[in-house]
Structures are given as structure tokens and as C-alpha cells.
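Subject: Structure for you to look at

Hello,

Here is the structure I said I would pass on. Please open it first and then read the notes below.

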Amino acid sequence: MAVFKEEHRDTPVLLDSEHAIDAMLDALIVAGPLHNAAQLKSLDRRMLSSGLPDHIFLVGVSAGGQFGILSYSTGEEGALIPAGKATAPVVTYMFNTYPREFLEPTEVPIDVVRQAVKEFVLSGGQRPTCLEWREEPY
């Protein structure tokens with residue numbers, strides 16, 4: 001299971017099924033350019049002594065909902081994005097109206113985004129294996 005925080009909502013949204021995951025992604029598609037991404041936190045992974053999760057999984061959906069971005073980070077693996085040729089020098093996704101720039105990103109088809117999010121949630125927060133990853137450039 002995993003959760004994500006929606007803007008203007010006090011409690012996180014529980015992602016506990018493929019239906020809930022699809023609903024979250026569909027909401028990002030229609031939300032518009034100021035809220036087209038979410039940060040997910042697995043409830044099955046440990047928390048650090050600081051109280052923060054030991055991982056970050058970001059998912060974003062581009063305008064029109066045909067492509068998206070993924071980012072998976074842990075202290076052990078570093079920050080990873082999908083492998084492949086960069087689709088632009090930089091793209092910006094909005095997390096609760098806060099911009100997050102991805103340098104040399106590889107945006108992937110929305111079907112791959114859906115599959116990766118489902119794998120992350122249903123595997124207990126493991127890095128999705130349905131695509132290859134590379135280090136995120138900074």
C-alpha cells in the first residue's frame with residue numbers, strides 16, 4: 001500500500017488497489033498544469049530515524065496524458081529516472097503547485113507510468129522492474 005498527498009486535503013489518499021492507482025493518475029491528467037505530479041510513499045517500507053520515508057517515488061503526467069515522468073530515490077540507489085534518450089533538455093512538473101525540474105529526462109508512455117506505479121504500490125515500495133533506470137543528472 002502507498003499514500004499520496006493531494007493539495008488542499010488534510011489526509012493522504014490511500015492507494016491500495018489498481019483501481020485506486022488508476023483513479024489517482026486520471027486525476028493528475030485532468031488536474032491541469034499546476035498539479036500534474038504526485039509524490040508517493042509506501043506504507044510497507046521503513047521510516048528513517050528522522051521520521052521521513054527511506055524512499056521517494058515521484059510520478060508526473062504530461063499535458064494530454066500521453067506521457068509521464070518517474071523518479072525513484074533511496075539512500076542506497078540514489079536518484080533514478082527511466083533509462084533512454086532524453087526527450088527534452090529539461091521538463092517541469094508541478095507537485096502541489098511547486099515546480100520540480102527534471103534535467104535530461106526520459107518521459108515514458110502513460111501505459112508504462114501506470115504499470116510502474118502499480119508495481120511500486122503492489123510490491124511494497126520496491127523499485128519497478130517494468131522499465132530500465134539510470135541515474136538522474138543534476
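A residue is called buried under 20% relative accessible area, exposed over 50%, and partly exposed in between. Arg100, at 22% relative accessibility, therefore counts as partly exposed. Please keep in mind that this is a predicted model.

Glu136 is buried, with a relative accessible area of 5%. Arg100 also lies over the face of Phe102, at 4.2 Å from the ring centre.

Next, the other salt bridges.

Side chains of opposite charge can pair when their charged atoms come close. The structure holds 8 salt bridges. One of them joins the side chains of Glu18 and Lys118, at 3.9 Å from N to O. Glu18 lies in helix 1 (residues 18-31) and Lys118 in helix 2, so this pair ties together parts that are 100 residues apart in sequence. Asp54 has 13% relative accessibility, so it counts as buried.

Then the aromatic rings.

A pair of aromatic rings is described by the distance of the centres and the angle of the planes. The count of aromatic pairs comes to 5. In one of them, the ring centres of Phe57 and Tyr72 are 6.2 Å apart and the planes stand at 65°, so the pair is edge-to-face. Phe57 lies in strand 4 (residues 55-61) and Tyr72 in strand 5 (residues 67-74), so the pair ties together parts that are 15 residues apart in sequence. Phe57 and Tyr72 are both buried. Tyr72 also pairs edge-to-face with Phe120, at 6.4 Å centre to centre and 75° between the planes. Because Tyr72 lies in strand 5 and Phe120 in helix 2 (residues 110-122), this second pair ties together parts that are 48 residues apart in sequence. The relative accessibility is 1% for Tyr72 and 0% for Phe120. Phe57, Tyr72 and Phe120 form one aromatic cluster together with Trp133.

Helix 2 has now come up under both headings.

What span should its residues cover? At 1.5 Å a residue, the 13 residues of helix 2 should span 18 Å, and the end C-alpha atoms are 18 Å apart, which agrees. The buried residues of helix 2 include Ile110, Val113, Ala116, Val117 and Val121, and also Arg114, Lys118 and Phe120 from the sections above. Helix 2 is followed by Gly124, whose phi is positive, near 85°.

Last, the surface.

Which residues make a nonpolar surface patch of about 250 Å²? They are Met1, Leu14 and Leu43. Met1 lies in the segment before strand 1 (2-4) and counts as partly exposed at 41% relative accessibility.

Regards

Definitions and conventions:
Residues are numbered from 1 along each chain as its sequence is written. This is a predicted model: local features need pLDDT of at least 70, side-chain atom pairs count only at pLDDT 80 or more; totals for chains, interfaces and linings use all residues. Side-chain values use heavy atoms; hydrogens and water are left out. Rings of Phe, Tyr and Trp (its six-membered ring) pair if their centres lie within 6.5 Å; planes under 30 degrees apart count as stacked, over 60 as edge-to-face and the rest as tilted. Helices (H or I, at least four residues) and strands (E, at least two) are DSSP runs, numbered from the N terminus. Buried means under 20% relative accessible area, exposed over 50%, partly exposed in between (1.4 Å probe, protein chains only). A charge sits over a ring if NZ of Lys or CZ of Arg is within 6 Å of the ring centre and within 35 degrees of the ring normal. The expected span of a helix is 1.5 Å times one less than its number of residues. Patches are made of residues with over 30% relative accessible area and no salt bridge: like charges are joined within 9 Å, nonpolar side chains (Val, Leu, Ile, Met, Phe, Trp, Tyr) within 5 Å. Accessible areas come from the Shrake-Rupley method with a 1.4 Å probe; for residues, only the protein chains shown count as cover. A salt bridge is a side-chain nitrogen of Lys or Arg within 4 Å of a carboxyl oxygen of Asp or Glu.
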